[in-house]
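Trainee: I would like to learn how to read the features of a protein model. Could we go through one together?

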Amino acid sequence: MRFFISLLITIALCSNPKMMRAQQDSIEVKKIALYGGIGYAASLTALSVGWYGENGFDRFKFFNDNAEWNQVDKFGHAFTTYQLSRIGYDLLRRTNLTDRQALLWSTGMSFALLLPVEILDGFSPDYGFSYGDLIANAAGSGLFLGQELLWQEQRVKLKFSFHQTSYANIRLELLGENLLQQVLKDYNGQTYWLSFDIHAFMKASSFPKWLNLAVGYGAKGMVYARENENNINGYTSHRQYYLGIDFDFSSIETRKRWLKTLLYVADMIKWPAPAIELSKNGVKGHLLYY
C-alpha cells in the first residue's frame with residue numbers, strides 16, 4: 001500500500017532524537033516544518049517513482065474502487081491519516097501553539113498532505129481519483145480529532161498487523177514478490193484493529209493500564225481486486241472479524257529517548273496475542289494472531 005510508504009518515511013524522520021525529546025523542551029515550528037517538508041517531499045518522490053513510474057501519467061479521471069479488496073484498503077487509508085495526526089499532534093503540542101491549535105493543525109494537515117496522492121491517482125492510467133479513499137482519509141483524521149476533543153486522550157487506537165499468505169505467490173506482480181512488498185500490497189495478510197483502552201474508560205478500576213481489548217477486521221481469498229474477477233478465476237473471498245487482547249505500550253514510562261521512540265512506533269502495531277476469529281467458516285480461536 002502506497003500510503004504506508006509515506007507513513008514510514010515520516011516516522012523515520014520524526015523519530016530523530018532531536019525531534020523526539022523530553023516533553024518539557026520546546027521544539028521550534030521552523031524545525032518541524034523543515035523535517036516535515038523533507039519527509040513530505042521524499043514521500044511524494046518515492047510514490048511518483050516507485051508506484052507510478054512505470055506507466056507514467058494520463059488525463060485526470062475519477063474511479064469508484066469502493067467494491068475492491070473488501071474495503072481492507074480503505075482501512076489502510078484511515079490508519080495512515082490517524083497515525084499522521086498522532087505524530088503531528090505530539091510534535092506540534094511541544095511548540096508555542098496551544099493544544100487546540102496543535103490538534104487542529106495536525107489533523108487538518110494529515111488529511112491535506114495525502115490529498116496530492118489522491119490527485120496523482122487521478123492522473124494514473126491504472127487508477128483514478130477515488131472519493132472512497134478521500135472519505136477513508138477523513139475518517140482516520142476524524143477518529144483522532146474526535147477523541148481528543150471529547151476525552152483529551154486516545155482511548156481507541158487504530159492499529160495494524162500483518163502475516164504472510166499463500167495468495168501472494170499466485171500473483172506476485174500484484175500482491176508482492178517479497179516480504180516488504182507483501183506488507184504493502186497483500187491485503188489478505190493485513191488486519192486493522194480498534195484497540196480499546198479499558199482502563200481509560202474505567203479510571204477508578206484496577207484494570208491493568210497496559211492491557212487493551214481489540215476488535216479487528218480483515219479478509220481472505222482476494223487474488224483479484226473485485227469479487228466477480230475472483231469468482232471467474234475460481235477464488236472466493238470472505239471477510240474476517242476478530243476479538244482479542246492488545247498491549248498499550250504508551251503506558252510504559254521511561255526516561256530513555258531511544259526507548260520512548262521505540263515504544264511510540266510499537267504502539268502503532270497490533271502485536272501477536274490470543275484472538276477469536278469470526279467468518280463464514282464459523283468461529284475459530286487463535287493462540288497468537290497478528
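Trainee: Are Asp267 and Arg86 buried or exposed?

Mentor: Asp267 is buried, and Arg86 is buried too. Buried means under 20% relative accessible area, exposed means over 50%, and partly exposed is in between, using a 1.4 Å probe and protein chains only. Before we go on, remember that this is a predicted model: local features need pLDDT of at least 70, side-chain atom pairs count only at pLDDT 80 or more, and totals for chains, interfaces and linings use all residues. Residues are numbered from 1 along each chain as its sequence is written, and side-chain values use heavy atoms, with hydrogens and water left out.

Trainee: Which residues of strand S1 are buried on one side, and which on the other?

Mentor: First, the term: helices (H or I, at least four residues) and strands (E, at least two) are DSSP runs, numbered from the N terminus. On one side of S1, Val156, Leu158, Phe160 and Phe162 are buried, and on the other Lys157, Lys159 and Ser161 are buried. With 7 of the 7 residues of S1 (residues 156–162) buried, the strand is largely enclosed by the rest of the structure.

Trainee: In what sense do S1 and S2 pair?

Mentor: Two strands pair if DSSP finds at least two bridges between them. S1 and S2 (residues 190–196) pair in the antiparallel sense, over 7 bridges. Take Lys157 as an example: its bridge partner in S2 is Ser195.

Trainee: How many salt bridges does the structure hold?

Mentor: Here is the general idea: side chains of opposite charge can pair when their charged atoms come close. The cut-off for a salt bridge is a side-chain nitrogen of Lys or Arg within 4 Å of a carboxyl oxygen of Asp or Glu. The structure holds 12 of them. One of them joins the side chains of Arg226 and Glu68 (3.5 Å, N to O). Arg226 lies in the loop between strand S3 (211–220) and helix H9 (227–232), and Glu68 in the loop between helix H2 (29–50) and helix H3 (72–92), so this pair ties together parts that are 158 residues apart in sequence.

Trainee: What does Asp248 form with Lys157?

Mentor: Asp248 forms a salt bridge with Lys157, and their closest N and O atoms are 3.1 Å apart. Asp248 lies in the loop between strand S4 (238–247) and H10, while Lys157 is in strand S1, so the pair ties together parts that are 91 residues apart in sequence. Asp248 counts as buried at 5% relative accessibility, and Lys157 is buried with a relative accessible area of 9%. Salt bridges that share partners join Arg86, Lys157, Lys159, Asp246, Asp248 and Asp267 into one network.

Trainee: How many aromatic pairs does a search of the whole structure find?

Mentor: A pair of aromatic rings is described by the distance of the centres and the angle of the planes. Rings of Phe, Tyr and Trp (its six-membered ring) pair if their centres lie within 6.5 Å; planes under 30 degrees apart count as stacked, over 60 as edge-to-face and the rest as tilted. The search finds 19 aromatic pairs. For Phe75 and Tyr192, the ring centres are 6.3 Å apart and the planes are at 25°, so the pair is stacked. This pair links distant parts of the chain, with Phe75 in helix H3 and Tyr192 in strand S2, 117 residues apart.

Trainee: Which residues form one aromatic cluster with Phe75 and Tyr192?

Mentor: Phe79, Phe160, Tyr217 and Tyr241 form one aromatic cluster with Phe75 and Tyr192.
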